[in-house]
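Dear colleague,

I am passing on the structure we spoke about, and it is placed just below. Please look it over before reading my notes.

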Amino acid sequence: MIQPRRAFNPNTFLTTVGIGRKMMPFTKGQTIYSLNDAADALFVIQQGKVKLSVKPHAVKEAILDILSAGDFVGEDSVAGQASRTASASAMTECTLLRIEKKLCCAP
């Protein structure tokens, strides 16, 4: 007997590990990615706080955003950017779900 196909559940996809998705712990102050790194993944914050920032040459760091549980980090990968347009670092102990670009953002 053929099993009916289950409906796609975005909440489950964004909170569980699977093919192309893995949970990654970060310690306070740890870099998640840096400006100009390859934009190869999208992250979903499961717990903790993340700071997005840029630091132009010889200028003080500019904080762009502070993100928390349920927020996305690394949307530049979805926007088709080849490299990161900002840096992201953990402000607290964090757990992020890393979704490979080829899974989340491929045409």
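This is a predicted model: local features need pLDDT of at least 70, side-chain atom pairs count only at pLDDT 80 or more; totals for chains, interfaces and linings use all residues.

Residues are numbered from 1 along each chain as its sequence is written, and side-chain values use heavy atoms, with hydrogens and water left out.

The protein has 2 helices and 8 strands (DSSP runs, H or I of at least four residues for helices and E of at least two for strands, numbered from the N terminus), arranged along the sequence as α-β-β-β-β-β-β-β-β-α. Its C-alpha trace spans about 65 × 30 × 15 Å along the principal axes, and of its 107 residues 30% are buried, that is, under 20% relative accessible area with a 1.4 Å probe and protein chains only, where exposed means over 50% and partly exposed in between.

As for the loops, N36 sits between strand 2 (31–33) and strand 3 (41–47), is exposed at a relative accessible area of 56%, and has a phi near 75°, a positive value in a residue other than glycine. M91 belongs to the loop between strand 7 (87–90) and strand 8 (94–100) and is partly exposed, its relative accessible area being 31%.

Among contacts (heavy atoms within 4.5 Å) between residues at least 6 apart in sequence, 75% join residues at least 24 apart.

Best regards
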